[in-house]
Amino acid sequence: MARIKDAFADAGVTGLLHARDIDSGAELGTGADTLMSTASVHKVCLVSTVFREAAQGRLELTRQVEVAPERRTKGPTGLAVMLDPARLSLRDLAAQTVAVSDNTAADVLWDEVGLETVNRTMAELGLTRTRAVHSMRDLVASMVADAGPAGPAALVEPATVARLRVLDPAHTNHSTARELTALLAAVWRDEVCGGEHGELLRRVLGLQTWSHRLASGFPFDDVQVSGKTGTLPTLRHEVGVVGYPDGGRYAVAVLTRSASTAITLPAADAVIGTAARIAVDALRAGVR
């Protein structure tokens with residue numbers, strides 16, 4: 001754990017981490033039970049609920065949904081930046097939600113299943129400290145209100161960042177590193193949903209395009225990383241599963257907050273992969 005803490009300090013962040021061997025149950029962590037704002041990491045809870053609801057016959061994944069331009073939540077990717085009407089199935093909306101962290105796609109799914117269904121699903125899985133408070137549109141609205149008349153430009157000002165409610169787990173979607181790895185382990189063990197639905201859920205969670213955080217710690221062609229990032233001012237997170245060719249499967253959650261309010265902090269991104277690699281190497285060494 002000292003190496004992980006040193007890596008966080010060198011990158012200028014405070015970090016929370018939990019890693020678990022999905023099959024043996026071996027685990028390690030630092031600050032693993034501290035509540036943290038989850039940002040877009042909570043989309044893993046959302047899509048897990050969507051596929052569980054489908055597996056239980058309460059939702060049809062292939063149902064098509066019209067997404068009009070005026071219905072779109074602000075965001076830098078996906079449907080949020082498109083200008084024309086679009087029509088997608090629920091499972092393709094789930095893919096967009098993970099692959100490019102599409103806020104609009106996520107909000108269509110939030111509208112379909114509801115916050116309380118997501119929270120009930122987490123509770124059923126034993127994740128009592130993982131809770132959704134608002135959709136992405138409400139998260140964005142909270143940031144806009146707290147930023148004030150200066151708008152997005154104020155989000156690099158320390159005084160503005162200090163008053164953002166979306167950074168306070170008491171006022172926003174939240175979880176702990178330990179519960180997030182428990183969720184991922186449940187997905188990979190078919191405890192969220194099994195059969196075809198479990199396979200489809202794992203496929204979706206393997207679609208993320210970003211490789212500069214968790215995946216950067218595992219630059220090998222034969223190691224698969226399925227992950228989901230989360231980003232807000234000063235917050236950079238990623239949770240995911242690292243799969244080795246020998247069958248080893250490791251769920252990892254790395255949640256960080258930087259001292260700097262700058263938007264571009266490559267060291268803060270990279271340390272997520274560094275810390276995850278240290279943790280997974282330690283688990284693998286322990287097994288051997």
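## About the model

The model is predicted: local features need pLDDT of at least 70, side-chain atom pairs count only at pLDDT 80 or more, and totals for chains, interfaces and linings use all residues. Residues are numbered from 1 along each chain as its sequence is written, and side-chain values use heavy atoms, with hydrogens and water left out.

## Helix H2 beside helix H9

Two packed helices are described by the angle between their axes and the distance between the axes. Let's start with helix H2 (residues 43-55) and helix H9 (residues 195-205), whose axes come within 9 Å and cross at roughly 160 degrees. H2 is therefore roughly antiparallel to H9 (angles under 35 degrees count as roughly parallel, over 145 as roughly antiparallel, 65 to 115 as roughly perpendicular and the rest as oblique). Helices here are DSSP runs of H or I with at least four residues, strands are E runs with at least two, and both are numbered from the N terminus. Axes are lines fitted to C-alpha atoms, for helices over the stretch in contact, and angles run from 0 to 180 degrees between N-to-C directions.

On the H2 side, the contact (heavy atoms within 4.5 Å) is made by Val-44, Val-47, Ser-48, Phe-51, Ala-54 and Ala-55. H9 contributes His-197, Leu-200, Leu-201, Val-204 and Leu-205. Sorted by class, this contact has 9 nonpolar, 2 polar and no charged residues (Ala, Val, Leu, Ile, Met, Phe, Trp, Tyr, Cys and Pro count as nonpolar, Asp, Glu, Lys and Arg as charged, and the others, Gly among them, as polar).

## Helix H2 beside helix H3

H2 also packs with helix H3 (residues 90-99), at an angle of about 160 degrees and with the axes 10 Å apart. That makes H2 roughly antiparallel to H3. The crossing of H2 with H3 is left-handed. Lys-43, Val-47 and Phe-51 of H2 meet Ala-94, Thr-97 and Val-98 of H3, a set that divides into 4 nonpolar, 1 polar and 1 charged.

## Thr-181 in helix H8

Now look at Thr-181, which is found in helix H8 (residues 177-188). With 0% relative accessibility, Thr-181 counts as buried (buried means under 20% relative accessible area, exposed over 50%, partly exposed in between, with a 1.4 Å probe and protein chains only).

The side chains of Thr-181 and Arg-20 are joined by a polar contact of 2.8 Å (a pair of N or O atoms within 3.5 Å; within protein, one must be able to donate a hydrogen and the other to accept it, and residues adjacent in sequence count only if both atoms are side-chain atoms). A polar atom of the Thr-181 side chain also lies 3.0 Å from the backbone oxygen of Arg-178. Leaving aside neighbours within four places in sequence, Thr-181 is in contact with His-18, Arg-20, Ala-251, Val-252 and Ala-253.

Leu-127 sits in the loop between helix H5 (115-124) and helix H6 (136-147), and at 5% relative accessibility Leu-127 counts as buried. Its C-alpha atom is 5.9 Å from that of Glu-179, 52 residues apart along the chain.

Ala-39, in the loop between strand E3 (36-37) and H2, has a phi near 50 degrees, a positive value in a residue other than glycine. Ala-39 counts as buried at 3% relative accessibility. Asp-190 lies in the loop between H8 and H9, and its phi is near 65 degrees, again positive. Asp-190 is partly exposed, with a relative accessible area of 35%.

How values were computed: Left-handed = near helix turned anticlockwise from the far one by under 90°.
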